[in-house]
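Subject: Structure for your files

Dear colleague,

Here is the structure I said I would pass on. My notes follow below it.

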Amino acid sequence: MRMFQQITIVGLGLIGGSLGMAMKQRRLAKRVVGLSRSEATLRQAKRRRAIDVGTTNATDAVRDADLVVLATPVDLIVPYAKRLARLMRPGSLLTDVGSVKAPLVRALERGLPNQVAFIGAHPLAGSEQRGIGAASASLFEGSSCIVTATSRTDRRALRAVSRLWSSVVRRVVVMPPERHDRCVAAISHLPHALAFCLMEATDGAALELAARSFLDATRVAASDPELWDDIFLSNRSALLAAMKRFDGRWRVLRAHLSRSDRAALRRLMSHAQAKRQALDN
Ligand code: NAP
């Protein structure tokens with residue numbers, strides 16, 4: 001079902017490219033335009049059916065767009081939004097897919113020209129891979145997307161961006177950006193931090209023997225540090241709070257182990273096991 005005449009995607013990597021493919025497959029826009037700094041990326045995006053038209057010129061990319069989706073690394077989203085909003089036509093919408101929301105939403109709900117509304121969004125899907133080569137039309141299938149709302153949020157824009165994501169993911173959840181940042185610190189940023197540390201704490205002969213459990217637990221340590229230093233620093237306080245909660249449970253486990261307290265160890269693990277099993281139901 002066509003919702004927009006033109007959607008422009010800025011940053012045709014894993015997420016931007018996958019969104020373009022998913023939108024084109026579902027015919028959500030008459031035209032999907034890609035803006036990239038690289039001609040090679042644009043060619044590949046077109047070949048992979050992520051966009052209809054590609055350009056390296058920002059004005060050409062956004063002038064006729066009803067909706068512009070920013071899918072660059074997090075630290076480029078605010079500067080890009082401010083630059084592109086000046087080139088967009090009145091009544092058009094701007095959204096993003098960044099993994100951190102509060103600093104972006106707070107900056108952009110105040111810092112844009114009045115005629116362009118900004119809505120923060122974050123699809124909870126992805127992988128440790130990067131670039132248009134890793135993009136897939138099915139990346140978002142079965143996943144959730146968080147769309148953020150504050151007292152300043154334009155309700156028409158919120159409905160339009162939520163409808164777009166509803167066509168691509170299983171579930172859209174609307175919440176304040178600060179709650180988003182606390183939740184993703186716990187379910188995504190902390191696990192990435194743990195995976196990086198697990199790799200750092202393991203060497204030599206042990207690493208050579210790494211099997212399924214180690215590989216599962218460290219898969220996301222293969223993620224790009226350029227993308228993740230940005231995410232960690234943009235969500236620093238929520239991540240530090242999640243690390244503190246984790247540290248509390250870690251100390252409890254260590255105390256049980258150092259006392260050889262089998263019953264306490266089993267209680268802790270049974271509780272965790274039940275919580276994990278409930279996630280699959
Ligand atoms: P990615 O595959 O590396 O794609 C990033 C895109 O941004 C690339 O197309 C790249 O363009 C462009 N870009 C990078 N630096 C740029 C610059 N200086 N100027 C202009 N364009 C630039 O990364 P991704 O995984 O799609 O992440 C994109 C966004 O999605 C991030 O904000 C991230 O937080 C969010 N996100 C990621 C995941 C995940 O699992 N990866 C999940 C949800 C949300 P070129 O092609 O020209 O290099």
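**Strand 1 and its partners**

Strand 1 and strand 4 (residues 67–70) pair in the parallel sense, with four bridges between them; pairing requires that DSSP find at least two bridges between two strands. Strands here are DSSP runs of E with at least two residues, helices are runs of H or I with at least four, and both are numbered from the N terminus. Within this pair, I9 has V69 of strand 4 as its bridge partner.

The model is a predicted one, in which local features need pLDDT of at least 70 and side-chain atom pairs count only at pLDDT 80 or more, while totals for chains, interfaces and linings use all residues. Residues are numbered from 1 along each chain as its sequence is written, and side-chain values use heavy atoms, with hydrogens and water left out.

Strand 1 also pairs with strand 2 (residues 29–35), again in the parallel sense, over six bridges. There, I7 stands opposite V32 of strand 2. Between strand 1 and strand 2 the chain passes through helix 1, and this β-α-β crossover is right-handed (with the strands pointing away from the viewer, the path from the first strand over the helix to the second runs clockwise). Strand 1 spans residues 4–10, and six of its seven residues are buried, so it is largely enclosed by the rest of the structure. Buried means under 20% relative accessible area, with a 1.4 Å probe and protein chains only.

**The ligand**

The ligand is surrounded by 28 residues, and the closest are L14, T72, S99, R130 and G131; a residue counts as near if one of its heavy atoms lies within 4 Å. By type, the shell holds 14 nonpolar, twelve polar and two charged residues, with Gly counted as polar and Asp, Glu, Lys and Arg as charged. Helix 4 supplies four residues, the largest share of the shell.

Oxygen atoms of the ligand lie 2.6 Å from a polar side-chain atom of S99, 2.7 Å from a backbone N or O atom of T72 and 3.4 Å from a polar side-chain atom of S36. Of the 880 Å² of accessible area that the ligand has on its own, the protein covers 85% (Shrake-Rupley method, 1.4 Å probe).

**S223**

S223 is in the loop between helix 9 (212–218) and helix 10. With a relative accessible area of 4%, S223 is buried. A polar atom of the S223 side chain lies 2.6 Å from the backbone oxygen of V220.

Regards

Conventions: Polar contact = N/O pair within 3.5 Å; in protein donor to acceptor, adjacent residues only side chain to side chain. Buried < 20%, exposed > 50% of the residue type's maximum accessible area, 1.4 Å probe, protein only.
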